[in-house]
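Here is a guided walk through a structure for someone who likes to know the cut-offs behind each word. Keep the viewer open and follow along.

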Amino acid sequence: MTDAPMIETMEIARPPRNQWLDVWDQFRSHRGALLGAAFFAVILAAVFLGPLIWQIDPTYIDIRARNQGPSLAHPFGTDQLGRDTLARMLAGGQVSLAVGLTAMGLSLVLGTLIGVLAGYFRRLDGALMRLTDLFLALPLLPLLLVIIMLFRDALRSAFGPEGGIFVLIVFVIGITSWMQTARIVRGDVLALKEQEFVLAARSIGTPSRRMITRHILPNVLSPIMVSATLGIASAIITESALSFLGLGFPSDFPTWGRLLFDSTDYLQQYPERVIWPGLAISLTVLSVNYMGDGLRDALDPRIRGR
Amino acid sequence: MSETAMSDRSPRPLVEIRDLRMHFPIHAGVLRRRVGAVRAVDGVSFDIHEGETLGLVGESGCGKSTCGRAILRLYDITSGSIRIEGDEIGTLGQDALRPRRPRMQMVFQDPQASLNPRMTVARIIGEPLDEHTTLSRAEKRDRIYELMDAVGLNRNFANRYPHQFSGGQRQRIGIARALALNPKFIVCDEPIAALDVSIQAQVVNLLEDLQDRFGLTYLFISHDLSMVRHIADRVAVMYLGRVVELAPRDSLYGAPLHPYTQALLSAVPEPDPDLEASRRHIILKGDVPSPANPPEGCNFCTRCPQAMPICHRIDPEMREPRPGHFAACHLHDPDHIPTAGSTAANDQPQQGE
């Protein structure tokens, strides 16, 4: 029954509990998410702390030790110039992860912003969605080529050769991959806007900016999470494609994508060289996916506590 | 409400609605040109006196909910005047409305949809306090607990989420939120339509109880005629965006003047089987015309069992055939009283019981 007085538990009413504790409790109970988080932490630690232990220079060329299989001296083997693959994997991981995470963050912020604005404010809808269509219709590769050709030298002189390319690549990937997020978010916002709780907030007098942060954003979190986790993977891949075309980082500068493309030439002779970077990319993406899955569940009170 | 004395002419109306219109444009064609409008609310006028409950009834799609929402300015109204405590709010912008929001609040139809699933009960009830007051955290918490007590919710539920409650409890949360800022006027938009019958009574009793305690004024929108008879002091009947009859409760239920009201009331089941068997039901034929293209003349003329030629030409004005009892129908216009033996005589139902 609705208002039957609850059994005599008239303890002193507890003050509202911090919501993030609930979120953490739920996240902990999601085994896949926990495994994913642990694995991601291991990858991060290996990539950023590993070079302190494995001190071989990834660019050191030992031509007599080229094309070796796994051994104690070179656990992952060496490449066609005799460079140590493990060292290159660790160094490449730093760049790939940094590019993946920041480019994903940028495209997420951009996509969410445009999606929410287009869905919530009717007047902006047409203009912003046509802009999205425009970006979707643009042939991406030529666009990337033009952007990189135009801005590479300016950025290189401003941030140094590697820093400049990093900024450029993150920016380029960010502004060419926000459209899916924007469309999904806009659709969800359009549906949410008609919900009665938004009407209730309006009858209270909640202004638009707080309406968005309090009622709209938390409820479109799930699709944002999903596109975020998928975004990391595609950012890593796009970066490698750019490097492959000679537009990304310099060819002796290792990234996972670069390693992958370099080894495809030797796919028949030395298949393990493709496997290492491929495995690293897939496992990273998988662990991030599981983390996103767990986080999405943990942030939804309807699923929480089930 | 037990007192019906205050029904007629209280000192001054708290809410005055004059010729309220809410038209939703229809866009069509390649260029999305405006080709017409859905006249959801088309010239509604009434007063609500302080402390009374005005019931607003009508079939689904007649514009009841739109009317309630337009009065609270959840929509930008097409035209008309809305005065609350003499304060014109019909033309104000949303920013100017904001400081006036605490006076008027709303209880929504679907208690599931009207609560944000990602907010705890404490945050939902506290949202109006966040927006309009500068209470400290502890004061806010005390006020939230006070409100939860007022609507009969256990204080221990403050940390829970809406999906963990039953429909009746959710509606109580919605009511507590509406009460948070001490409003004078609450629009109840079918607050019981989505609830079980047993829970309906609880919620209605709660609403009545709160009205007595806080001196609230309700606009009670419903399609449940017997519930409106129970709670309302006066009743307005809407059909296709217009008020066709407005009268004190007993007068309306005892002797309805408008043919539409008569038809509506004849559809309410009678508990006594003997009476039920002998009762005449008025079955309306046809469908409600589209509010985008209402008929010429009286809106009800296409389905009215007593329609006269004039009904198809001239829109009837609101008249007061009995003191305090208004109806918009040519049958009650002294100039057009139907002559004996006209078409109306056949289907003329008994007035009164």
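In the hairpin of β9(B) and β10(B), two residues sit between the strands, and Leu240(B) takes a positive phi near 50 degrees. Strands here are DSSP runs of E with at least two residues, helices are runs of H or I with at least four residues, and both are numbered from the N terminus. Leu240(B) belongs to the loop between β9 and β10 of chain B, and it is not a glycine. Most residues other than glycine have a negative phi. Leu240(B) also counts as buried, at 4% relative accessibility; buried means under 20% relative accessible area, exposed over 50% and partly exposed in between, with a 1.4 Å probe and protein chains only.

A word on the ground rules: this is a predicted model, where local features need pLDDT of at least 70 and side-chain atom pairs count only at pLDDT 80 or more, while totals for chains, interfaces and linings use all residues. Residues are numbered from 1 along each chain as its sequence is written, chains are lettered from A and ligands numbered from 1 in the order in which they are written, and side-chain values use heavy atoms, leaving out hydrogens and water.

Now follow the hairpin back into its strands. β9(B) and β10(B), residues 242–248, pair in the antiparallel sense over six bridges; two strands pair if DSSP finds at least two bridges between them. Tyr239(B) has Arg242(B) as its bridge partner in β10(B). β9(B) also pairs with β3(B), residues 53–57, this time in the parallel sense over four bridges, and there Gly55(B) stands opposite Val235(B).

How enclosed is β9(B)? Six of the six residues of this strand, 234–239, are buried, so it is largely enclosed by the rest of the structure. In a regular strand the side chains alternate between the two faces of the sheet. In β9(B), Arg234(B), Ala236(B) and Met238(B) point one way, while Val235(B), Val237(B) and Tyr239(B) point the other way.

Thr53(B) is buried at 0% relative accessibility, and its side chain makes a polar contact of 2.9 Å with that of Gln211(B). A polar contact is a pair of N or O atoms within 3.5 Å; within protein, one must be able to donate a hydrogen and the other to accept it, and residues adjacent in sequence count only if both atoms are side-chain atoms.

Finally, look at Arg73(B), in the loop between α1 (64–71) and β4 (79–84) of chain B. Arg73(B) has a positive phi of about 60 degrees although it is not a glycine, and it is buried, with a relative accessible area of 2%.
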